[in-house]
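User: I'm new to this one and would like a short tour. Could you take me through a few spots?

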Amino acid sequence: MLSILVLHGPNLNLLGKREPGVYGTTTLEDINRSLELEAQSLQVKVAFLQSNHEGELVDAIHAAIGQHQGILINPGAYTHTSVAIRDAIAAVALPTVEVHLSNVYRRESFRHHSYIAPVAVGQISGFGAESYRLGLRGLVKHLEIAKDAVKD
Ligand code: DQA
């Protein structure tokens with residue numbers, strides 16, 4: 001069974017309380033629960049980690065080798081700053097989908113650039129908690145197509 005590592009970056013532990021006008025009232029626990037259900041229907045496994053520390057996210061990406069087949073990540077503010085997270089994703093070469101609750105392109109210009117997007121399969125931004133479910137579906141589809149291509 002495919003296993004997906006779900007990574008939540010800094011400040012996402014405060015979801016539900018944090019700027020609800022921007023990020024909504026859904027908590028991180030709610031998001032993980034809905035991903036768990038989505039994973040069951042897609043017949044994949046999911047493992048979750050939230051961290052406010054860049055290095056811890058880098059370590060988790062390294063540790064995914066041999067354990068998970070893909071990464072779903074909301075890098076939070078590290079999206080716009082972290083060469084280290086981008087390099088870690090490139091280094092492990094695991095298909096990665098980047099998600100954001102808010103539409104970062106409708107917000108401040110410093111959010112318009114992502115260091116992660118060039119090493120991601122794709123990016124989903126602006127659908128609130130639904131961005132994660134859409135991202136998981138997209139990632140699993142991508143992995144299944146890649147697996148079938150190997151078989152052919
Ligand atoms: C975010 C967007 C980022 O710009 C911001 O720093 C976050 C959350 C989102 O999910 O919309 O922390 O990744």
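User: Let's start with D30: is D30 buried, partly exposed or exposed?

Analyst: Bear in mind that this is a predicted model. D30 has a relative accessible area of 31%, so D30 counts as partly exposed.

User: Which side chain meets D30 in a salt bridge?

Analyst: That of R33, with an N to O distance of 3.6 Å, and both residues lie in helix α2, three residues apart, which is about one turn of the helix. R33 also forms a salt bridge with E29, where the closest N and O atoms are 3.3 Å apart, and this pair, also in helix α2, is four residues apart.

User: And how exposed are R33 and E29?

Analyst: R33 is partly exposed because its relative accessibility is 47%, whereas E29, at 57%, counts as exposed.

User: How many salt bridges does the structure hold?

Analyst: The structure holds seven salt bridges, and one of them joins E108 to R111, with the closest N and O atoms 2.7 Å apart. R111 is buried, with a relative accessible area of 15%, while E108 is partly exposed at 36%.

User: Switching topic, where does T79 lie?

Analyst: T79 lies in the loop between β3 and α4, and its relative accessibility of 1% is under 20%, so T79 counts as buried. The T79 side chain reaches the backbone oxygen of G76 at 2.5 Å, and residues touched by T79 include E98, H100 and Y115.

User: At what angle do α3 and α4 pack?

Analyst: The angle is about 5°, with the axes 9 Å apart, which means that α3 is roughly parallel to α4.

Notes. Residues numbered from 1 in each chain as written. Predicted model: local features only at pLDDT ≥ 70, side-chain atom pairs only at ≥ 80, totals over all residues. Heavy atoms only, no water. Axes fitted to C-alpha atoms, helices over the stretch in contact; angles between N-to-C directions. Helix = DSSP H or I, 4+ residues; strand = E, 2+ residues; numbered from the N terminus. Parallel < 35°, antiparallel > 145°, perpendicular 65-115°, else oblique. Buried < 20%, exposed > 50% of the residue type's maximum accessible area, 1.4 Å probe, protein only. Polar contact = N/O pair within 3.5 Å; in protein donor to acceptor, adjacent residues only side chain to side chain. Contact = heavy atoms within 4.5 Å. Salt bridge = Lys/Arg side-chain N within 4 Å of Asp/Glu carboxyl O. Lists of a residue's contacts leave out its neighbours within four places in sequence.
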